[in-house]
Amino acid sequence: GVIVHMAVLASLLFLFEEAFTVAQAVAVLSAMSFNFWLNNWLTYRDKRLKGWGDVLRGWAGFCLTCAVGGFANVAVATLLESEGVFWALAALCGILIGSVWNFALSSRFVWGRY
């Protein structure tokens, strides 16, 4: 997820000259989607969601569950970047903040663990 996040962020910043906040938000959603598919396929394979309806509902639930962590990610990274922290370091700090929240809640509410 981190690699996807950083690749999307760098592409949007340097190829498309997007503002940091917008690029960070799109990178968060991209990484969130990638992480859902990876988790469904690998991490929670014993509780894998199958069929388009279940997968799409699971993805939507995952995104809703991770929305608070995603918001915190964008807010922290944007604040740090606006204070002069190198963009990649600011993004990594945001990722760290958001990932703790996202793992804990998605484990419980999307795949029914814990």
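A: Confidence comes first. In this predicted model, confidence is lowest in helix H4 (residues 87–109), at a mean of 86, and highest in H1, at 98. The score is pLDDT, the predictor's confidence in each residue, from 0 to 100. The protein averages 91, and 95% of the residues score at least 70.

Two sentences cover the ground rules. Residues are numbered from 1 along each chain as its sequence is written, and side-chain values use heavy atoms, leaving out hydrogens and water. Local features need pLDDT of at least 70, side-chain atom pairs count only at pLDDT 80 or more, and totals for chains, interfaces and linings use all residues.

Now the packing. Helices (H or I, at least four residues) are DSSP runs, numbered from the N terminus. H1 (residues 2–15) packs on H2 (residues 20–43) at an angle of about 150°, with axes 8 Å apart. Axes are lines fitted to C-alpha atoms over the stretch in contact, and angles run from 0 to 180 degrees between N-to-C directions. That makes H1 roughly antiparallel to H2, a label for angles over 145 degrees.

Contact means heavy atoms within 4.5 Å. H1 brings Val4, His5, Val8, Leu9, Leu12 and Leu13. H2 answers with residues including Phe20, Ala23, Val26 and Phe34. By class, this contact has 12 nonpolar, 3 polar and no charged residues.

H2 also meets H3. Their axes come within 8 Å and cross at roughly 145°. The residues of that contact divide into 14 nonpolar, 10 polar and 1 charged.

H3 spans residues 52–82. The structure holds 1 salt bridge, a side-chain nitrogen of Lys or Arg within 4 Å of a carboxyl oxygen of Asp or Glu. Asp54 and Arg57 form the bridge, at 2.9 Å, N to O. Being 3 residues apart in H3, they are separated by about one helical turn.

Key
Helices (H or I, at least four residues) and strands (E, at least two) are DSSP runs, numbered from the N terminus. Angles under 35 degrees count as roughly parallel, over 145 as roughly antiparallel, 65 to 115 as roughly perpendicular and the rest as oblique. Ala, Val, Leu, Ile, Met, Phe, Trp, Tyr, Cys and Pro count as nonpolar, Asp, Glu, Lys and Arg as charged, and the others, Gly among them, as polar.
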